[in-house]
Amino acid sequence: EDEEIREKIQGAFPTLGIVAFSGHVLDRPGSDPRFPPEAEEMAKLKIESALEEMDASCGYSSAACGTDIIFLESMIDRGAETHVFLPFAKEEFIETSVRRAGGNWVARFESVLDQATSIHYVTKDGYNGEDTLYTFCNDVLLGFAAMRGRGMDEDPRLLVFWDGQPGAEGGTGELVKKWKKNFNEPLIIDAKQVLQATPKIKESPGHGGETNPAFVITDDPKVLPRTIKTMLFADVEGFSRLDETMTPYFVEKFLGGISEIIGRLTSTPAFVNTWGDSFFAVFDKLEDGLELALELRDYFSKGDWTELGMMEGMEVRISMHAGPAYEKFDPILGKLNFFGSHVNQAARIEPIVLPGSVFVSETVAALLSFGHDGFDFEYVGHLELAKDFGSYPIYILQRTGYRYDD
């Protein structure tokens, strides 16, 4: 009877058919066959059949030469939404992950991007030989699919074209493991079976489109390393109303409170800095940033500030964003500091935060949707950030179970 009711509900509210995809890139000339050009026809049939079985109409994928592009083309043929995720600048992605296959793959890449519903960049900067960008791109891609599923009250599915091997960092094997841990069983197209059923592979000489490694990985000492970090900025609302004589006591309570919260985290922040009533922190783990943000918010909103003459209390504005950040030794502070457009983005969110709230970027919201229990979020809107930084989707962070009408 329950199943009958479920079927009626699903009939009244059909699912969108949300599918995230990952699969093998086309083999490099001369490499051991895993996904050779001769297997493309068979792979396309398998992918089209799987999409029909899944009733897919909303796809999330990167766009490397090979099965990514075949998936996107198949979704476009179905009249479906396609959401494309690139780990770094488009021009460099073409050189690292598309042109190497020769043929017409660059034109096909441009075509699927032209027809995409949306295109998301983990960073618009270059590759710099940092494979962690591929892993982070996968995490964000899966998070966006999960976030869409959450909005539609639908479990997203994962489709992979995979030979079952663990593979490289940022590869399909890594992604499958994360998906199974957090969601459901993926639908796997067995790449080995496709290879076995493929007509005899021709010996093909290396082609002129092969990537020049010098373009991809640079030894330029001026190129700083980047690591994926979570950035947090906080600023106290109402600090200017504080009586001047109370400032030393406020600073003591403000910094003392933050210090206590940091002491309770599972790991120390990679960097912290304060100035007046402002605080900046960088975290290796997203969870530590989330925990500090909500603890700090509660420290102000639930704390007693009457001893400082603030009868109506004090509130804090907190912003968070995650992405690749440059790190370099700061000779003034005497330690590593973090820089770059993603640090700036976190900073530009903070001035628009409602006092007493934690606002996070869409990237953080997506990462929260995929394997971070205990935290929740709601969409605030597409908001203009401070200092003409541009307009971005913004979300408000909460703990799971929090009621927004409390």
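## Arg34 and His24

The side chains of Arg34 and His24 are joined by a polar contact of 3.4 Å. A polar contact is a pair of N or O atoms within 3.5 Å; within protein, one must be able to donate a hydrogen and the other to accept it, and residues adjacent in sequence count only if both atoms are side-chain atoms. This is a predicted model, in which local features need pLDDT of at least 70 and side-chain atom pairs count only at pLDDT 80 or more, while totals for chains, interfaces and linings use all residues. Residues are numbered from 1 along each chain as its sequence is written, and side-chain values use heavy atoms, with hydrogens and water left out.

Where does Arg34 sit? Look in the loop between strand E1 (18-23) and helix H2; helices (H or I, at least four residues) and strands (E, at least two) are DSSP runs, numbered from the N terminus. Arg34 counts as partly exposed because its relative accessibility is 33%. Here buried means under 20% relative accessible area, exposed over 50%, and partly exposed in between (1.4 Å probe, protein chains only). The C-alpha atoms of Arg34 and Lys192 are separated by 7.4 Å, although these residues are 158 residues apart along the chain.

## Thr67 in helix H3

His24 turns up again with Thr67: the side chain of Thr67 reaches the backbone oxygen of His24 at 2.8 Å. Thr67 is part of helix H3 (residues 67-77), and it counts as buried because its relative accessibility is 0%.

Leaving aside residues up to four places away in sequence, Thr67 touches Phe21, Gly23, His24, Phe35, Ile47 and Phe161. Such a contact means heavy atoms within 4.5 Å.

## The buried face of helix H5

Which residues of helix H5 (residues 105-114) are buried? They are Trp105, Arg108, Phe109, Val112 and Leu113. Seen down the axis of H5, these residues fall within an arc of 135 degrees, so they line one face of the helix; the arc is that of the directions from the helix axis to the C-beta atoms. An α-helix has 3.6 residues a turn, so residues three or four places apart point the same way.

The cover over the buried residues of H5 includes helix H2 (40-54), H3, strand E3 (81-86), helix H4 (90-97) and strand E4 (118-121). Where H4 meets H5, Lys90, Phe93 and Ile94 of H4 are in contact with Val106, Phe109, Glu110 and Leu113 of H5.
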